[in-house]
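Visitor: I have a structure to go through and some questions about its side chains. Can we start with how the terms are used?

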Amino acid sequence: MGRGALLVDRLVAGGFVRPAVLLRGLQLRRPALSCWRVSLVMGLSGLLVEPLAWVQSWLFARRLQKVELPDDPIVVIGHWRSGTTYLHQLLACDPTLATARNSLTMAPQVALLLKPWIRSALKALMTQQRPIDAVPWGPDDPQEDELGLARLTMDTNMAGMAFPLAYPWFFRRNVLGSSGAFERQWLHFTKLSWLHDGKGKTGLLIKNSAHSARVELVLRHFPKARFVLLRRDPQASIRSLVQVKQRLGALVGLQPLPDAVTQVEETVAAHGQLLDAFEASRHRIPAGQMVELPYEALIRQPLVAVRRIYDELGLSSWSVAQAPLQARIAQARSYTADPVTLPLSAQQRLNDLMEEA
């Protein structure tokens, strides 16, 4: 990967963090001098657009205040690397559903003001594949809201990617726990998503694996929210996430990466904690407002799996969604998944932990 492509990937994945957010992160954890390039990209890119962030805040304040969000969003949850990204891509083909997209999450504080320029720049400069897993992506592809929120608050799972030596601490603080400040930023970001992508649309689509532990928060604001829970073999999901965390940490990390064995141990622990948190709040989801979908069913017969979601959740837009869904599925057939390989010691540790579970 050339330096130009690396810079663009770094900006899309972790650039344009608001200065106050970055300062808060530096108060919580100390970056390493060896990661100065990432620190420079995050800091300077955020400073560069901060004056425009104030302009967007002023120009759109009234519209944001008046936004009325759909009261029954579709929320895709499940542990990372369980098919949530693929399902998000498919559901986002529905022309009636608004969702967060790369052109928003890269810099949500200015994305409404600079929407045409951001899209044009990303079309010209963005790499064709995600650096973490080689999944095809572009400026209009859907993105999970946690990535956009990371530019607006340090209270996200992405903080643990920026400070990988403290990942368990940030996971407990920001995923298993929450705060009123995060809740306000999440609602603000959801309104930004609606203004950015909701023109002429009637439904809202949210994808965020961290929301598996935030069911109560989601239902507090959207009592009619409809959840789609993806499930995958734990070992496959964990193995894939360890590799992704290593790659993402190299891309946006402000600290050196922990060794692969440590990553495995931390990821196994977090996997269980996330799913336990979901199970503890599952009973709060009203009957008829959740579909559970196995990863294998989605991969094997994606159109059948998505049709099941539409039927069980009572979505009425299948007639306009079917054709673009089929086109996206056909496009995905050319995708070859990036091999997941762990060092032998890390794989052995994962095997041992899975046997103990």
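Guide: Buried means under 20% relative accessible area, exposed means over 50%, and partly exposed lies in between. Keep in mind that this is a predicted model.

Visitor: Fine. How many aromatic pairs does a search of the whole structure find?

Guide: The search finds five aromatic pairs. One of them is F163 with F170, which is stacked, at 5.9 Å centre to centre and 20° between the planes.

Visitor: Are F163 and F170 buried or exposed?

Guide: Both F163 and F170 are buried.

Visitor: And what about Y310 and W318, how is that pair arranged?

Guide: The ring centres of Y310 and W318 are 5.2 Å apart, and the planes are at 70°, so the pair is edge-to-face. The cut-off for that label is over 60 degrees.

Visitor: Why do Y310 and W318 get called buried?

Guide: Because Y310 has a relative accessible area of 2%, and W318 has 11% relative accessibility. The limit for buried is under 20%.

Visitor: Back to F163 and F170. Which aromatic cluster are they in?

Guide: F163 and F170 form one aromatic cluster together with W169. W169 also has a charge over its ring: the charged end of R29 sits there, 4.4 Å from the ring centre.

Visitor: Where does the charged end of K245 sit?

Guide: The charged end of K245 sits over the ring of Y167, 3.8 Å from the centre of that ring.

Visitor: Switching to the surface. Which residues make the nonpolar patch?

Guide: W36, L40, L44 and L47 make a nonpolar surface patch of about 430 Å². L44 belongs to helix α3, residues 36-66.

Visitor: Why is L44 counted as exposed?

Guide: Because the relative accessible area of L44 is 52%, and exposed means over 50%.

Visitor: Next, Q322. Where is the place of that one?

Guide: Q322 is in helix α16, which covers residues 318-332. Q322 counts as partly exposed, at 29% relative accessibility.

Visitor: How far apart are Q322 and V110 in space?

Guide: They are 33 Å apart, C-alpha to C-alpha, and 212 residues apart in sequence.

Visitor: Last topic, cysteines. How many disulfides does the count come to?

Guide: The count comes to zero disulfides. The rule asks for a pair of cysteine sulfur atoms within 2.5 Å.

Visitor: And C35 and C93, buried or exposed?

Guide: C35 counts as buried at 12% relative accessibility. C93 counts as buried too, at 17%.

Conventions. Residues are numbered from 1 along each chain as its sequence is written. This is a predicted model: local features need pLDDT of at least 70, side-chain atom pairs count only at pLDDT 80 or more; totals for chains, interfaces and linings use all residues. Side-chain values use heavy atoms; hydrogens and water are left out. Rings of Phe, Tyr and Trp (its six-membered ring) pair if their centres lie within 6.5 Å; planes under 30 degrees apart count as stacked, over 60 as edge-to-face and the rest as tilted. Buried means under 20% relative accessible area, exposed over 50%, partly exposed in between (1.4 Å probe, protein chains only). A charge sits over a ring if NZ of Lys or CZ of Arg is within 6 Å of the ring centre and within 35 degrees of the ring normal. Patches are made of residues with over 30% relative accessible area and no salt bridge: like charges are joined within 9 Å, nonpolar side chains (Val, Leu, Ile, Met, Phe, Trp, Tyr) within 5 Å. Accessible areas come from the Shrake-Rupley method with a 1.4 Å probe; for residues, only the protein chains shown count as cover. A salt bridge is a side-chain nitrogen of Lys or Arg within 4 Å of a carboxyl oxygen of Asp or Glu. Helices (H or I, at least four residues) and strands (E, at least two) are DSSP runs, numbered from the N terminus.
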